[in-house]
Structures are given as structure tokens and as C-alpha cells.
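Hi,

Here is the structure I promised to pass on to you. Have a look at it first, and then read on for what came out of it.

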Amino acid sequence: MSQMDFCKGKTSKHWIMGAGICIFVSALVGTTLTGYTGRAQANQSASSSAAVERGGQQFASSCGFCHGADATGGRGPDLVRSKLVADDVGGNLIGSVIRNGRPAKGMPAFTMSEQQISDIAAFLHARFLAGVNSRTMGGGDYPLSKLLTGNAAEGKAFFDKAGCAGCHSVTGDLAHVAKKYEPVMLEMRMLYPRGAETPTVTVTLPSGEQVKGELEHLDEFSVALRDSAGWYRSFPRNEVKVEVHDPLAAHQALLSKLTQDDVHNLFAYLETLQ
Amino acid sequence: MNHKIGRFSRRNSAPSTGLFLWAFALMFLLAALSLLPHVLLGQGLDPAALLKPATNTWPTYNGDYSGRRFSTLNQITASNVNELTLDWVLETRSQSIKSTPLEVNGILYFTAPDNVWAADARTGRVIWHYERTSVGDHIGHRGVGMYGDWLYFTTPDAQLVCLNAKDGSVRWITQLADSKLGYFSTMAPLVVRDHVIAGVSGDVTDIPGYLESLDPATGKLQWRWYTEPKPGEPGSNTWPQTSDAIRHGGGMTWMTGTYDPELNLLYWGIGNPNPVLAGAPRPGDNLFTCSIVALNPDTGKLAWYFQPSPHDVHDWDAVETPVLFDATFDGKPRRLLAQASRNGYFFVLDRTNGEHLVTAPFIQTTWASGVDSRGRPMENPQDDPRPDGALVAPASDGATNWMAPSFDPETGLFYVDARRTFSVFFLTAAGKAEGWAGTDRGLWADSALRAIDYKTGKIVWDHELGNGEDGAGILTTAGGVLFTADNSGNMLALDPATGKTLWHVNLGGGMASSPETFEIDGRQVLLVSARNLVFAFSLPHSQIPGK
């Protein structure tokens, strides 16, 4: 679900707005996030973030006692995954339930304006979307405090012991690295900086001639490289000897050895490199 | 490439003997065909024919009920596979084909989300194309089921469409689930006698999963089995008793199951629990999510279950094909069921009663501290998704996924498309966890085809498929050739005993489906797809007896 990653979901109290931004971005790039169900689309235009916020407050005070302030149910049923709410458009079904109540089930009638009802509807539809968008994660806005659980001194000890200095220097390539990358990105790149370095390859031809360059492609049958002159060259694997040098091999080898503490200590250490 | 002598070189010991054998085989085949009951009217599929599928058809998603994806056809062998010739290519101009086409009486039926095609298996000519635009998740589609002259097609908005196989016209459409609640459907329905078995998908809105049986003629519901028990029923004590978590527990029935006609049991893999990455709101094993279940197809009643991932928090559903075969285990003949599960473990069970026999990892995982007395891997709590990120192998996409595995009775090996992946699992939910409640971000992946000894779970051989997550399924054949694809668009023909490459061809894109084979006009056809292209290969006529 790569389209999900594209979205800037919020995990703070502004999650509703986050969902809204996500929908907007998805619409722009033509993905089907809102098309996940027909319902989200139908209700999207009707609900502004202000309406959602008003609806949330109204819901918490009038309905939260039974349905829970987040509408996932309590004494009364869960409304986020309710069939009636799913079929509602802009309050057209929710309204009559609010105004008439459900005396048989112990729900009283409420007196509310059109605006109050459509706000509550907007809130409930946004609550549903929160689940749909729950896989999105902030990049720059994901709080550093959530990631900063390790011990920087132990991270430094690991850095020194694990041989990171064989390729890296905290005063060289890693100087100010914490300023260069947003926290989540720094944690990811610390573990495996995908694409940061291109593997190089040495191809030895039957004649003994060696061709070197940046690795373009490698499979069981062919190897391709870009040589120092910038030309693409490929060779059949069964006629040449291939030696690949992957600068990220040490990162990959570490992945299966790191404990969760190692990861968070090391991250805490890198975060000191402001 | 390298086509050294394989196990089946004896078939080609001398040309004259070979020809004689082929002629004999052909005579035998013709005789066998004449004995088949001619119950079929027109081009349809008798449901009884599903019990013993002939070699000239691929009548259900896995080719037969066992899910082995092993064909007894042996015209294409280790010795001649390098002479395979392209018969035709069909471009659908759709999204990637992830379905396994049915082949019934010379007609192929295959799908992409919202689309069904019927095509001439001899020429690749499209006979009809059905298209129905829908909202819902268009993540992929696995194919159709067939009963008589009718096809069954699931849709992104969770409808079941019944089509006339003759012309693609709609007979009826019935709802499997309400897409407004977040349901969709991608699976190929399984036809068992007078039951059309269909499942549902959707794992971001905390909705309950189920499996349905519908009447093939009318679409009327015969039974529905919920993947979570009702409060008070067996298994309900594996959910919290003080919340409604069990009613929002997920457990989707994404994939097509298998069936044992003699035991009259359906075997189905069940999806992961919800909220997906958050375990705190649902302490307990969360039955029957991430389980393999045996159901009676007539009643939908549960016979037994086994749970590969108790209390899953990594999206490692157990929907991968439960493969059925009969073989010896500890010196005794057993009715077995094997699954290479998304969590990276291979399981073998006795399919009569669910007795656990083997548990073994087929990739190096980081998340389990061992295996418990019931054969279930025990999760290390440190590997739970967390706000600061947990480094875990495999990633949520899993050590394998929808790509079909295969079991070859001649080698006794189980084959799986194994992905070695690392990912960081973040629990991001603030407040009540809903839907995914977080995400995982992939770091690194590569893939290998792995051959597993079913008796021990040990890896017998390993064939590298390249960087990234491979999406190709596997076919094995009595010709001694295994077909799959690597991560660079190469379709591979491998020796199933050793994993050595016998032949390859680049198809110009990734394979996200599974190869299949059937016989038509005396030729063994190999049918594969890559991107939105379907390819048919067979041997040159000069290689085929009588041609």
C-alpha cells in the first residue's frame, strides 16, 4: 500500500485533519484511498474539518455517555462500524435516529438543529476514515520523543564496538546527520540506507580483461554495469566472472544481529549529532 | 542454459523407444477419454469432474482440490524444456494479472479486479470480456470458480457475480459483504458439489471475517461461518471478556482453500486479527484468526483448527494455501496438510484431525523465541510493534504470501517462494487503537525458492531469485520440471530435485501469478502471465508424437 505511505497522517489530536490532508493528497495523485469504500467519497465533500471538530464536541457531550466519546461503543452500540452510519449521507439517516430516539432500545430522542446533525454525521464519517487511514504515518511530524527511547551513551559504545567507524565518521559523513534527516527517516536510514550507495562490480572476461563499473543489473543470467566512461555494458553470466562489492552489505548483515535496544540506543546516539 | 541430465532422462534414452512410448501413451489417453462420462452439455464443467480433474483441464484455482499444483503431464521434460516455443501472447490492457486462469474445454477464464476474460486456449483470442466498475480495494484478483455453464467472480465492492460462461452475460449479482464497512473480495470461489464457497477481505476497519457457501444456481446463502466465535462459543475465551474486541477482530478469508472429498472437509487459511499491529486491546490467542481451519462444506461447522500465529501483531495471516497430500510420516501412511505460512514457519498437520506433526522456519526469522508444545511459534514480546519502532523479520508482507506453493509427490518436496525481509514496525495509534494502528516500513528484502522436506521441515535446496519480494507462484510437473519466476522477469524452469536451472525466458515483467499446465490437441501447454500479459508455450510440433 505505497499510496498510504505517501500520506501525511497525524497521530496527535489533529488526526482528523491528518485524515483530511491524506484524502486530499490521494485525490490529487489519483489513488483510490477514498475509493476504499463508496461511502467515504459520498461524505467527503459534505464534511469540513471545522464541521468534524464541532461534531466531535457535540457528540462527546450528547452521545458519548452511551456510545463512547470516540463513538466505538459503550452501553450503546459502536457507531464507527455501524451499518446505518455506513449508509448515511450527510446526516440523512442519522438525523431521524437522533430526533426520534430508539425507545425500545433505551435511546432517548434529542432535539438538534440540521447543522448539529450534519456535524455529528461528519464526525462519525471522519471516525471511520481514521481506521481506513490508520496505516499512514507522519514523516517529519512523527514526534522525536516517541522514537527517542534509547540511551545515547550505550549507542555510542555500540557504534564503536560494532565497527561502524570502518565506513563512517561522526565528524565526517555523519556530522550534523540528525539535522539532515527527519527522525523517522534517520532511524530507517541508520538501519539500511537504501539507495544511498550503488554497488560496484568487477567483471572478468574469458580473456582475463576486467571491466569495472557501477552495478546496473544482476540476475542469474546476465550482469550489467555502467563503466567509468558512462557506457552501459552487459555480459552473460556463464561466460564471465562477477565480483560485486556492495557498500551496504555491512548494514544488511547487522539487521539480523541487532536487538531492539541496540536500535534505539544507536538512534539516540545519532540524534546527538546535531 | 544448463540442461544436464535430469531425473527423467530415462524417458529419452532412445528416440525409437521414446516414440513408441508416446504412441502408447496417446492410445492410452484416447482410450481413457472415451471412458469419461459424457455428462457435459456444451462447454461447461460438471462439478463431479472436479473430483478427478483430467489432464486436459485446469478447472479450479489450484488446478485440483489438493492445492498441490502438481500436474501429471510429462510431455515437457527436463530434456526438452529448452525447446519450448511461444504459441501466443495476450495483452489485457488492465492492471497486473494475479489470477490463475481456469481452462475448461479449450476456453480460458481469467481475471483482474473488475474484469473477467474468456479466451481461446489454442490461440489467445479473446472470446468475451466482462467489465464492471466498482469502488473498493483493487489490490488484486485471483480468478473465477466454475459450476456447469456458470462462472463466479468476486469484486472490489464485495459482490459475487454469476456469469454465463458462454458469453459473459450476468445471471445474477449477490452481496457477500457491505463494502461501505470496508469489505472487499479478491479470491477465486471454490466450487464443492452444490456449494460455491466465497470469502471476504478488508483489514483496516476492524470488521469480522467470514466464509460463505452459496447456492450455485441462485446465489442464496447456504451457510456463513464467522472466523471469530460468538461470545460463549468454543474459542471465545481467547478474546477479552470485558470488551467487544471479538466483534471487531478481523480474520479475513482472502484466499481459496482446499478440499478433501473423502473426509468431506474444507481447509481454509484465516487472516490476521484487528486492530492489526496493536495487541493490547485483544489479549489472548484471538481464535480463529491466523489459523488453518477444517470445515464441513455442507454445514459450515468447524471440525478442527491449528493456529500458526497465536495473537498476531504483524499482519502475518495464515491464508497461504493449505496443501493436501498423502505420504508416509514416521513410517506410517498419513493424510497430511502442509502450509508455508506468512510468519516464516512451515507446518505439517494430520488433516483428519489437525494433529500437529512438524514446525520449522523456512527463513531466518527474528520474532520467535521457540516453538511451544502444540507446535506454535512463541512470539518474543520485544518484537511487538512499538512507538519507537521494532526491527523484525519478516516484514508485514511476510516470508511468503499469496503466491502459490507446490508439492511434488515424486520428489516429496514442498516448494515455497520465500522472502527474507526486514522491516521496522511502528505502533502509531494515539488513544484507542483502530484499523492498522500503525505501519511497518521495509528496509531490505530478497527472495529465494526453497524446497522443504515435509518430514522434517529442513531446506533441501535453495534457488536465489534476486533482491526484492518475489511474487511468482510455483508449478511442478511429472515431466520433472518446476516452473516459477525470479525478480528480474525471468520465467524459470528448474529441476525439482536439485533446484538447478534447466531453462529460462524473460517475459518482460514480474510474474504475480502462478504458472499452470494442461493438454490441448495432444500438446502440453504451459500458461504463464507477467504484468498484464498472458503467454502460452508448448513444444514444437516436431517434438510431439503424431504431429
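Helices here are DSSP runs of H or I with at least four residues, and strands are runs of E with at least two, numbered from the N terminus. Counted that way, chain A comes to 14 helices and five strands. Please keep in mind that this is a predicted model.

Staying with chain A for a moment, 34% of its 274 residues count as buried. Among its contacts with a separation of 6 or more, 60% are between residues 24 or more positions apart.

Chain B has one helix and 36 strands. Its radius of gyration is 22 Å, close to the 24 Å that the globule rule gives for 547 residues, so chain B is as compact as a globular protein of that length. The C-alpha trace of chain B spans about 75 × 50 × 45 Å along its principal axes. Buried residues account for 59% of the 547 residues in this chain. As for contacts in chain B with a separation of 6 or more, residues 24 or more positions apart make up 60% of them.

Now to the interface: 41 residues of chain A are in contact with 47 residues of chain B. On the chain A side, the elements that give two or more residues are α3 (38-44), α6 (83-87), α8 (114-132), α9 (144-147), α12 (183-191), α13 (249-255) and α14 (260-271) of chain A. Which of them gives the most? That is α8(A), with four residues. By class, the side of chain A that touches chain B has 14 nonpolar, 16 polar and 11 charged residues.

Best wishes

Conventions: Residues numbered from 1 in each chain as written. Chains lettered and ligands numbered in written order. Predicted model: local features only at pLDDT ≥ 70, side-chain atom pairs only at ≥ 80, totals over all residues. Rg over C-alpha atoms; globule rule 2.2 N^0.38 Å. Buried ≥ 20, exposed ≤ 12 C-beta atoms within 10 Å, placed from the backbone. Contact = placed C-beta atoms within 7 Å. Nonpolar A, V, L, I, M, F, W, Y, C, P; charged D, E, K, R; others polar.
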